[in-house]
Amino acid sequence: MSGDRPVLYTRRLVVAPSVPEDRDDFIALERDADVMRYLNGGAVDHSVTDPLEAPFLMLRGGEPDVWSIRLRHSGAFVGWLSLRPVDNGQAELGYRLCKSAWGQGLATESAGALVAWGLERAGYGRITAQTMAVNQASRRAMEKIGMRYIRTEYAEYADPIAGSEQGEVIYEVVSG
């Protein structure tokens with residue numbers, strides 16, 4: 001896999017490797033209860049949540065497999081994407097967008113660009129993504145970028161959030 005993290009340009013977006021200056025934007029996403037609804041049931045309380053112990057990504061900027069998403073015309077922060085190597089030529093896609101960016105196709109546009117780079121340039125043979133089964137918007141975005149549903153996994157949680165009983169869905173796209 002390539003260690004180079006390119007800046008990707010789409011029609012409306014710049015998808016650039018994250019930098020420490022992204023920290024405040026990343027934290028603002030975590031503090032939005034609607035953005036975090038399918039990850040922990042609501043906004044992150046930074047006074048009690050340790051980023052290293054969180055069951056979801058808590059980014060601080062500069063992580064090696066994370067890109068920030070900004071509007072091309074204004075530079076406004078839209079969200080972030082991650083493409084983390086797993087093993088054997090595989091990577092896992094993740095993303096989080098600001099509420100103001102929802103419903104505009106920006107998740108599809110940015111994730112599609114990163115997945116294409118991952119398969120065509122970085123050498124990944126398989127890219128997976130997962131979300132709660134009830135997260136229809138995220139599922140649609142994954143399907144629009146060519147990912148296909150593989151399975152649903154069920155887990156027991158000490159403090160389950162609404163919808164977790166329906167499981168986590170796993171999607172994938174493979175090269176070729």
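Hi everyone. Two strands count as paired here if DSSP finds at least two bridges between them. Keep that in mind as we look at this predicted model.

Let's start with β2 and its partner. Five bridges join β2 to strand β3, residues 66-71, and the two run antiparallel. Within that pairing, V14 stands opposite R70 in β3. Helix α3, residues 106-120, packs on the sheet and touches β1, β2, β3, β4, β5, β6 (126-132) and β8 (168-174). The direction of α3 makes about 30° with that of β4.

Now let me zoom in on one residue, L13. Where does L13 lie? You'll find L13 in strand β2, which covers residues 13-17. Is L13 buried or exposed? Its relative accessibility is 0%, so L13 counts as buried. Which residues is L13 in contact with, once we leave aside its neighbours within four places in sequence? They are L8, I69, R70, L71, R72, V78, L106, E109 and S110. Take L71 from that set: L13 and L71 are 58 residues apart along the chain, yet their C-alpha atoms are separated by 4.6 Å.

Stepping back to the whole sheet, we have an open sheet of eight strands with mixed pairing, in the order β1-β2-β3-β4-β5-β6-β8-β7. The edge strands are β1, residues 8-9, and β7, residues 148-153, and each of them pairs on one side only.

One more helix before I stop. Helix α1, residues 23-30, lies across β3, β4 (77-85) and β5 (90-97). Relative to β4, α1 runs at about 95°.

Thanks, everyone!

Technical notes: Residues are numbered from 1 along each chain as its sequence is written. This is a predicted model: local features need pLDDT of at least 70, side-chain atom pairs count only at pLDDT 80 or more; totals for chains, interfaces and linings use all residues. Side-chain values use heavy atoms; hydrogens and water are left out. Helices (H or I, at least four residues) and strands (E, at least two) are DSSP runs, numbered from the N terminus. Buried means under 20% relative accessible area, exposed over 50%, partly exposed in between (1.4 Å probe, protein chains only). Contact means heavy atoms within 4.5 Å. Axes are lines fitted to C-alpha atoms, for helices over the stretch in contact, and angles run from 0 to 180 degrees between N-to-C directions.
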